[in-house]
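This report goes through selected local features of one protein chain. The sequence and structure come first.

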Amino acid sequence: MTFISTKKYPKNSEFGDFINENGGYTNASTTMENTIFTFEIGNEAFDEALDRFIHFFIDPTLDDEATEKEINQVNP
């Protein structure tokens with residue numbers, strides 16, 4: 001759910017699209033105590049990718065429709 005959208009980058013899946021368009025990938029894993037978010041991308045796109053990434057923690061939107069979709073993927 002974290003990688004849905006932000007106020008600065010409001011389009012759903014914009015982060016994933018940007019990463020894919022620049023030859024990278026994202027991943028996340030959760031244990032009982034930790035959640036780890038990772039992404040890999042080429043150096044030339046790193047600054048913009050990092051800006052997009054940090055906005056998930058600064059100004060996430062978590063709109064109802066996207067949140068419901070994510071919940072249903074985890075708990076059908």
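Does Pro60 count as buried, partly exposed or exposed? The model is predicted, and in it Pro60 has a relative accessibility of 35%. Buried means under 20% and exposed means over 50%, with partly exposed in between, so Pro60 counts as partly exposed.

Pro60 sits in the loop that runs between α2 and α3 (64-74). Leaving aside residues up to four places away in sequence, Pro60 touches Ser5, Thr6 and His55. Tyr9 is 51 residues from Pro60 in sequence, while their C-alpha atoms are 9.2 Å apart in space.

## Helix α1

Phe15, Phe18 and Ile19 are the buried residues of helix α1, which spans residues 14-21. They lie on the same side of α1, because the arc they cover around the axis is only 95°. Asn20 and Glu21, on the other side of α1, are exposed.

The packing partners of the buried α1 residues are β1 (25-30), β2 (35-40) and α2. Just after α1 comes Gly23, with a positive phi of about 75°.

Terms used. Residues are numbered from 1 along each chain as its sequence is written. This is a predicted model: local features need pLDDT of at least 70, side-chain atom pairs count only at pLDDT 80 or more; totals for chains, interfaces and linings use all residues. Side-chain values use heavy atoms; hydrogens and water are left out. Buried means under 20% relative accessible area, exposed over 50%, partly exposed in between (1.4 Å probe, protein chains only). Helices (H or I, at least four residues) and strands (E, at least two) are DSSP runs, numbered from the N terminus. The arc is that of the directions from the helix axis to the C-beta atoms. Contact means heavy atoms within 4.5 Å.
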